[in-house]
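Me: I want to go through this structure and ask what stands behind each label. Please set the values against the definitions.

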Amino acid sequence: MISALPDKMSGKMMAQPTLKRMSFSICSAIFLAAGLLGLASMKVSAAAFNPFLEAYVELTPPSEIYERGACFTSMVVPLDVNYDGRQDLLAHYFCNDFDGSVAPEPTLDALMVYISEADGSFAVGNKKTFGAEQISLGGATRNYSTGDFNNDGRKDVVFAVNWEDGRPHLNFDSWDTEQTVLLSNETGYSIERVGEPVYGHGIGTVDNGQGYQDVLTYSRSDWGGLDIAVLRWQGATAEYVTQNYPAIAGGLTFGGVPSGEDGVLGAIYNGTDNGGIDYFKKIAERWQESNAGDLERLTVETVTWVTWNGDPGLFRVSELEGKYYNNLGIVDSCYLPSTPELPGYIVGKFTGWYLGESYDENGTYYEMEQPIINKLVFFEVGESGVTRINTPFAEEYTDDFFNFFSCRDLNQDGLPDIAVHNQTGNVAQMSQPFSGGAPRTYLRKPDGKFAVLDTSSFPKGEEDGTQLGLYADINGDGLEDLILYNTDPNIPLRVHAANARMSLPSAETQFLSLLKTLQKSINSDSNGAAIGLVSSEPALIAAGQELALAGKPSGEAVKGKPATVSSAPLGVAKPVPTLSMFAVGLLCGLLGVAGLLARPAK
Ligand SMILES: [Ca+2]
Ligand SMILES: [Ca+2]
Ligand SMILES: [Ca+2]
Ligand SMILES: [Ca+2]
């Protein structure tokens, strides 16, 4: 459309043959051409906009952690472990090194704490935080949730833990273990194992009406199924307070919705295997239930489903937004907070095998041939309960493969966004080009819809293994930084500090983002409290050197690898010229249009 504009406009201008008007027209044409050039360059630079520094700090766990079997980086969790205002990084690793027998020992695992220092470097903080170098969470971690469980105003973390590490599941107990909490104290955190041993997979937290949060986990019911159980800190220990809550069948995911101002003291939801949500809210000491979104499962007794191991069977077809699936229901979720103008949503990850916009009633479908999809589904939380709404995504990548996603404001515009921790390089992901590990990022717009952020120019991790990443503000400057990690713990974590806000590639937002960033760099003090705009490179290099020098002070400390600083041009130099060009172009374009409008009438 833009490319069609100059011909049309210049044609119009050239149809004004008088000398006097000609000069105006030429001026207009020059300005307009400059403006369009500016717009065109804006379009290019918008696609290539990268808010992160190419330079990075590498964090490598001690080799003992990953040389004792098939080990994985299970998850990376941001948490300010020393309460200095900068989020630090927790990396959890576990290993599958069992020989097929039912081992009575816990899954081998290790937690590493990387403390974010004021100068941009990182220090191993296991001893400082937990009082020991070797930290175990007691099993394989599957998910986590945060809240303040001991009512001291400091954030705590609870991990869903089990022993599903390759050992056979011979009886209900063989994968069960206690859940694990990082509980804040005066100087750091303690590791608390809580509750009865269960197969931890879902985990959540809920406001308990007393200003802090309870932990939502599972209990084993008599028949071996899983119901939601609730733990509350009372004094030094966590006690079950499940009786204060409604009886809820635990699905693969559940969680709490924060207390609202409309008399809701607490709300819990449970993702159902029919793709819906069971929602319970507490008003005036009474729990009220509402349900939404359960899919009608069309039982079609003539359709055959052949599983990966060749077993044929019947299956149920479900319809969602005009498409048909064989589904697993909602397997993960997060709560997208409300804003003064927009409602809050429970966002569920709906996993299923896509059959098509229609299906063959007498057909045979093969698990290994049908595409598995992960689609986010939205439930609006309102006074009457929850309602499934149509997707607010303009565009969605349902072939993304991921375990985690998060719902929070990523660019400080007051509108909560969604980051999908897409795994790139995963075998299930071969249809996609290598995206480098940047999360699939859906930014919310003021109209309530979401647009996909172009992350193609973001820094990229290793193409080997399964690469993924997350956002967190690690240096406390108010900008989300990019943390890339690989499921192979041999491949170090990389921390790329941000030098600008993430923004949608529109002229206004990008320009405003640049202005804010420039203003930030001018206003920032020089004491190194934040990794600033210009100081980033030396800070990161210094950080790398420090980590390298720290090297391996003792057998128990981290094996620090030198930070690698790439030779690519550093962040700030890149956006400025293109954006300036764009600004000049835009100004010229406006002058050009003004020139056209100002022409004397014929
Ligand atoms: Ca900190
Ligand atoms: Ca706490
Ligand atoms: Ca936002
Ligand atoms: Ca930051």
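Predicted model: local features only at pLDDT ≥ 70, side-chain atom pairs only at ≥ 80, totals over all residues.

Me: What makes β1 and β31 paired strands?
Reply: Three bridges join β1 to β31 (residues 493-496), and the two run antiparallel. Two strands pair if DSSP finds at least two bridges between them, so three bridges meet the cut-off. Strands here are DSSP runs of E, at least two residues, numbered from the N terminus. Within this pair, Val 57 stands opposite Val 495 in β31.

Me: Why is Val 257 called buried, but Asp 80 partly exposed?
Reply: A residue is buried if 20 or more other C-beta atoms lie within 10 Å of its own, exposed if 12 or fewer, and partly exposed in between, with C-beta atoms placed from the backbone. Val 257 has 23 such atoms, so it is buried. Asp 80 has 17, so it is partly exposed.

Me: Where are these two residues placed, and what do they contact?
Reply: Val 257 is in strand β14 (residues 254-257). Asp 80 lies in the loop between β2 (70-79) and β3 (88-96). Contact requires C-beta atoms, placed from the backbone, within 7 Å. Leaving aside neighbours within four places in sequence, Val 257 is in contact with residues including Ala 267, Tyr 335 and Ile 346. With the same exclusion, Asp 80 contacts Gly 85, Arg 86, Gln 87 and Asp 88.

Me: What makes a set of residues a nonpolar core?
Reply: The members must be buried Ala, Val, Leu, Ile, Met, Phe, Trp, Tyr and Cys residues joined through C-beta atoms within 7 Å. The largest nonpolar core has 112 residues, of which Val 76, Ile 346, Val 347, Ile 418 and Ile 483 touch the most other members. A second, separate core of seven residues includes Val 303, Trp 305, Phe 315 and Trp 353.

Conventions:
Residues numbered from 1 in each chain as written. Chains lettered and ligands numbered in written order. Helix = DSSP H or I, 4+ residues; strand = E, 2+ residues; numbered from the N terminus.
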